[in-house]
Amino acid sequence: MEEHVIAEATVIGSRDRDGKLTIPKSPFSPGDKVFKADENLIRQMLGLTRGDVYIGMLDGQDIKVNLDANNLVQKHCSILAKTGSGKSYTGGVIIEELLDKDVPLLIIDPHGEYATLKYPNDDKPEALQRFGIEPRGYADKVTVYTPANKTLNPGADKLFRLNGINLSTKDLRQLFPDERAQNQSGILFEAISKLKEERDTYTIDDIIYEVGQDKSKVKWNVINMLESLNETGILSDNATTVYDLVREGHASIIDMKGVNPDLQQMIVAKLGSELFEARKLNEVPPCMLVIEEAHNYCPEKGFDKTVSTDILRTIASEGRKFGLGLMVVSQRPARVDKNILSQCSTQIIMKVTNPNDLKAISKGLENMSSNVEEDIKRLSPGVAMIVSNYIERPIHVIIRTRKSKHGGASVPVVQTSFIEKIRDPPAERKKTVTGMRGIGSLLKIKPEEIKKAAKKEKIEPLENKEEIEEKERKKELLETKNKQKGHKGQKEPKEN
Ligand SMILES: Nc1ncnc2c1ncn2[C@@H]1O[C@H](COP(=O)(O)OP(=O)(O)OP(=O)(O)O)[C@@H](O)[C@H]1O
Ligand SMILES: [Mg+2]
């Protein structure tokens, strides 16, 4: 039988003299020669000629993919994928690259995954060699802040505190996310105005006292919220400012471990506003704000209402003009404010299977072919589809190994039980172990334990050597005893 190799090709176009991609006006002739594209041509065609953020290798090719740092930061980027698909890992890769370029970063880290940026990756060297990188820790460039305390978060370097002196109505309004809060903020406004008239400095306790003087019943809601805020201990006269957090070549991580969600959103709202104002006045260097689990801080309308959505929306739409970039990471694209997602001109998409999330992603991708959803569903682990305003078409990239340690590794719920170890001993043990004999001594497990576990697993274990010998010894002893008994007890044949 004759075999034919058939390939399906799509015409991308050709570059004209100005470097623009144009579709050829005349069709190819049957029998035209086909050439293998070299690296240069592929780079040119895909628009991968510039870029300094090394993110990985083009899938199926030996070509490094570098994204453009300025484009990535100024024009924002999103990392979207279902849980466990490698969003935080990829976020870490980009953060490493930006730190190498001394871009200041402020990272909102709900699960405390980014503190490990401090330590070099201790994975197998082959994984790093494959991508031509060396392990590196960023301890000198990373500071971890906790809005909680050192007991809840012993790994943190510093405490994160908000200014508790002379709080304005605007500051506290962020506590009241919903519309019903109108008359509550009225009471606050009155109390704070009075305090401002009377003294130069006042604390939250003074505000609570003043609100308490109000005659309406609504005041109790206000007092309750102020008290709750006071109890968190987040307010201090030694506040952390954006000037402390945003520094050249430095990443500040706000590790939200142990902080209640309302307070987390308030912190993001406050930091976002301060950062935006500071950038407008050029008081801090151009930087990037990284929001992990963004669906919690800027949810899509109808899902939730948070105090941080508005400022994040403002940063997404106006941050570019002021050199304030946004990186949005989420496992639920459908639940992230779509105004924010649509402003991200680089989208890094990893495996997604939820139909709503797929729709939310594909809606945001303009002029994409119809099978993009199918492509996203089929992405392999560690591979991302990258769509960017300056890359000609979506590319598939194998995300490179991290230089620093990844902190979001999955935690096994069920530890490998030792009976599994017995059933499937590692290769080097298999050589010396036949069946389960002697496994107890190899694994330093007592024979009783093996028996107990085997009974639970309904397996008949072979006893170890000592046990067998012991049994045989006992058997022999018993037989000898029986024999002796037999001799003694044997009745003499009766003589007739
Ligand atoms: N490019 C990669 N190379 C090697 N390992 C990877 C890569 N991407 C992801 N992983 C591995 O996959 C696991 C999950 O990755 P990650 O923590 O980034 O998932 P996630 O999408 O952030 O999940 P979640 O939504 O739960 O936060 C990690 O333990 C990591 O080691
Ligand atoms: Mg994650």
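Which helix supplies the largest share of the shell around ligand 1? That is helix H3 (residues 87-100), with three residues. Helices here are DSSP runs of H or I with at least four residues, strands are runs of E with at least two, and both are numbered from the N terminus.

Some ground rules before going on. This is a predicted model, where local features need pLDDT of at least 70, side-chain atom pairs count only at pLDDT 80 or more, and totals for chains, interfaces and linings use all residues. Residues are numbered from 1 along each chain as its sequence is written, chains are lettered from A and ligands numbered from 1 in the order in which they are written, and side-chain values use heavy atoms, with hydrogens and water left out.

**Around the ligand**

Ligand 1 has 15 residues around it, and Thr83, Gly84, Lys87, Ser88 and Tyr89 come nearest; a residue qualifies if one of its heavy atoms lies within 4 Å. Here are some polar contacts, meaning pairs of N or O atoms within 3.5 Å:

| Residue | Part of residue | Distance to an oxygen atom of ligand 1 |
|---|---|---|
| Thr83 | side chain | 2.7 Å |
| Ser85 | backbone | 3.2 Å |
| Ser88 | side chain | 2.7 Å |

On its own, ligand 1 exposes 630 Å², and the protein buries 75% of that. Accessible areas come from the Shrake-Rupley method with a 1.4 Å probe.

**Rings and charges**

Tyr89, one of the residues that come nearest to ligand 1, also has Arg402 over its face, at 5.7 Å from the ring centre. Likewise, Lys64 lies over the face of Tyr54, at 4.8 Å from the ring centre. To count, NZ of Lys or CZ of Arg must be within 6 Å of the ring centre and within 35 degrees of the ring normal.

There's one aromatic pair in the structure. The ring centres of Phe276 and Phe322 are 5.5 Å apart and the planes sit at 85 degrees, so this pair is edge-to-face (centres within 6.5 Å make a pair; planes under 30 degrees apart are stacked, over 60 edge-to-face, the rest tilted). Phe276 belongs to helix H10 (residues 261-280) and Phe322 to the loop between helix H11 (309-318) and strand S13 (324-330), so the pair ties together parts 46 residues apart in sequence. Phe276 is buried at 3% relative accessible area, while Phe322 is partly exposed at 23%; buried means under 20%, exposed over 50%, and partly exposed in between.

**The whole chain**

The chain has 19 helices and 16 strands, and 43% of its 496 residues are buried.

Technical notes
Phe/Tyr/Trp six-rings, centres within 6.5 Å; stacked < 30°, edge-to-face > 60°. Buried < 20%, exposed > 50% of the residue type's maximum accessible area, 1.4 Å probe, protein only. Polar contact = N/O pair within 3.5 Å; in protein donor to acceptor, adjacent residues only side chain to side chain.
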